[in-house]
Amino acid sequence: MRRPWDLSERALAFFFLVPAFLLLSLVAVYPAAHLFLTSFRELHLALGTQGAFVGLANYRQLLEDARFWNALRVTLEIVLVTVPGATLFGLALALMANLPYGIKWPVRLGLLLPWAMPLVFAGLIFRWFFESDFGIVNDVLRRLGQGPLFWLTDPILAFWAVALSIVWKTSSFVALVLLAGLQSIPREYYEAARVDGAGALQIFWRITLPLLKPALLVALIFRTLTALQTFDIPYAMTGGGPGHATETLAMFIRTQSVENLNLGYGSAAAMTLFALSMAVTSLYLRHLQATEGE
Amino acid sequence: MVTRVWLLVLAFLASVAFAQQVRLKVFIGGQQRPDVMRRILDVYEQRNPGIRVEIEVGGATSDQQQQYLTTVLTSRDPSLDVILIDIIRPAQYRAAGWSETLDRYLPSATRDQLLRRYLPAYVQANIVDGALVALPAFADAQFLYYRKDLLDKYGFKPPVTWDEAIRQAQIILQGERDPNLNGIGFMGNISEGTVCTFLLPIWAMGADVTDEKGRLSLTEEQARRSLQFWLDLMDRHRVSPPNMAEKAQDTIRREMQQGRWIFATLFAYAWNHFQNDPDSRVKDKIGVAVMPRFEGGRSASCLGGWQWTISNFSRNKAQAYQLLRYLSSPEVAKVLALEASNLPAFPELYRDPDILRLNPWFRDALPVVMSARARPVHPRYPEIADAMRRGLNAVLARTRTPEQAAREILQGLRTIYGQ
């Protein structure tokens, strides 16, 4: 018998979703909406402005700001270098950690270490590695008879030093995701392939890689998003220097809002980063849906 | 039974006393000797039984502290009462409405009388648009630290001009043949100190960022000459190593402590480290001199120093004001001079025999502090500083020529000053 306080299945589902919805609104939707509104205001604390509505003025100023374009370029370069870098390196690590021999244990342990380390620690450690007078990298170079290189004060070297540190720090995350993917591939496929006389390379291309694709996509989405938001490592290593050579979009946003107290302008810059992240995510998701539909 | 009643009464009285006790929180930076500050506040607590003062210690540099304070103050958090701020910040605090105006507690006659006791530069720095924003904790300025032992060995007197300093460094470097020894150290990384580095040659040529009316007066040519001067120390005179764009003030201080520099331009705090740090290899080997002059110019030093201000969001402003007056008194300035080698903001303390016994170089420091120049006073100072330090940093890293960087710095300044 149906009692009056019994809810329909649909209503019950709605009821269960309400807490999650409220929580998300509070911690994600509300701040994002607030940021969106602030980006249309002139809110410069150091000037004591009252937050008047100025329409697109902040965005127009962004378009003319060479420093913003430079930060955007640096950010995209970091995405282009560190996402493929971390993916390839992470894939190699995952394959090693998935080997059926004893080597997998040291690799698995080693995987956790960089993953568990806070980003800014990694940045500080690598700053000391690349320090020109006392750094370990220049020490090795000196022992090889090469002159010291000024890693963190040469714009090109500084970029590569930062990129290398990011790859080191983030490939373990990629590897952990891929390792989970690798372990979900049934052993029988490999056995069948070996019975049919397939070589190791053939097995990798025909079985491992296609079946790893969903895990690879998940890893790529997260890696690209974190690469777009790169902040800690260049902040700790170079402070965005020399000049502006390694200043990313996230660092630009921080400087505008926290240091210069120009909250309206900083919010507009943050909105562009938000839009960029959304665009990348939807691109990946569409691709994921398309492959699932096959 | 009677005891129980008494106990209840006692508990009640204790809770009343507890409720009447005011807790104040003072914010200082990690480099500002929290240990010494604690002892100073202990004395204050003893004299004012109703007051408890806690210290909150922030990051180790001016920039790091301000980052945290910005978060606290923009959210109108009442947890801080008295805050120690860098000399470059009063204008920003006033514009953002973060500081309680001290005039509220000081009738103008008393105010003028009080302010006459301090070094004029600090009075000027703490009055913004006619309002008294803060009172000085201690003074600071840049000095030329030099290796007394090395200069003596080659028969040199402390250099009076930069040309002399360069020549002495070249000769000593040639004579010592020590690959770990460097000539002239200055700040070149992206930090607040690098702003001073950029401004020194400009002040020394008699110029400044703004005129008396606060209008931008710096020219591209003046900026270029300053940038060129520092670049020349590396490339032309070869007295500074090629990686000066990496060097922060404390990096140079630590390296000088290891005996790796002949000269360095540093603020007053370095002295205490050289003399007292257990790992110092230069104890009693360091001399402190007035910053050198430029040929045909004058000697210029960058004015530093720290100020006490009351948070506008404090819930105990009256008590905070009393504490601030104590912290900015000659009594505390003397303790800071004795225990932390902080330069006093009171001229008479530079003749105090106790202070001079521990810091003999304070004898010559007063004229330096008196003539030190202030960085631009402007609510958008952080943006001004960023343009200058990134410009110099890019030149030292050779990603910009002095011409390019001078143009960019001036472009940035013109936008900020609206000219």
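I began with chain A, where an unreviewed UniProt entry gives "domain: ABC transmembrane type-1" at residues 72–284. UniProt positions follow the numbering used here, with feature names shortened, and annotations may be inferred rather than shown by experiment.

**Ground rules.** This is a predicted model, so I took local features only at pLDDT of at least 70 and side-chain atom pairs only at pLDDT 80 or more, while totals for chains, interfaces and linings use all residues. Residues are numbered from 1 along each chain as its sequence is written, and chains are lettered from A and ligands numbered from 1 in the order in which they are written.

**Confidence.** I noted ipTM 0.75 and pTM 0.82 for the model. Chain B averages a pLDDT of 90, and 95% of its residues score at least 70. pLDDT is the predictor's confidence in each residue, from 0 to 100.

**Chain A, annotated spans.** I looked at residues 72–284 of chain A: 77% helix, 0% strand, with the end C-alpha atoms 21 Å apart. Helices (H or I, at least four residues) and strands (E, at least two) are DSSP runs, numbered from the N terminus. The unreviewed entry also places "transmembrane region" features on chain A, among them residues 12–33 and 109–130. Residues 12–33 of chain A are 100% helix and 0% strand, and their end C-alpha atoms are 29 Å apart. Residues 109–130 of chain A are 91% helix and 0% strand, with 25 Å between the end C-alpha atoms.

**Chain A, a cis bond.** I found a cis peptide bond between G241(A) and P242(A), with omega about -5°. P242(A) sits in the loop between α10 (232–237) and α11 (249–259) of chain A.

**Where B meets A.** I counted 23 residues of chain B in contact with 22 residues of chain A. Contact means that C-beta atoms, placed from the backbone, lie within 7 Å. On the chain B side, α3 (62–74), α4 (90–96) and α17 (381–396) each give two or more residues. α17(B) gives the most, with six residues. By class, this side of chain B has nine nonpolar, eight polar and six charged residues. Ala, Val, Leu, Ile, Met, Phe, Trp, Tyr, Cys and Pro count as nonpolar, Asp, Glu, Lys and Arg as charged, and the others, Gly among them, as polar.

**α17 and α18 of chain B.** I followed α17(B) to helix α18 (residues 402–417) of chain B; their axes come within 9 Å and cross at roughly 175°. α17(B) and α18(B) are therefore roughly antiparallel (angles over 145 degrees). Axes are lines fitted to C-alpha atoms, for helices over the stretch in contact, and angles run from 0 to 180 degrees between N-to-C directions. The contact includes A387(B), M388(B) and G391(B) of α17(B), and I409(B), G412(B) and L413(B) of α18(B). Its classes are ten nonpolar, two polar and two charged residues.

**Domains of chain B.** I read the assignment as domain 1 (2–133 + 305–367) and domain 2 (141–302 + 375–417); such bounds come from an automatic or database domain assignment. The C-alpha centres of the two domains of chain B lie 31 Å apart. 15 residues of domain 1 of chain B are in contact with 13 residues of domain 2 of chain B. α3 and α4 of chain B each supply at least two residues on the domain 1 side. α4(B) gives the most there, with three residues.

**Last check.** D129(B) is a residue other than glycine with a positive phi, near 50°. D129(B) lies in the loop between β4 (127–128) and β5 (131–132) of chain B.

Conventions:
Contact = placed C-beta atoms within 7 Å. Parallel < 35°, antiparallel > 145°, perpendicular 65-115°, else oblique.
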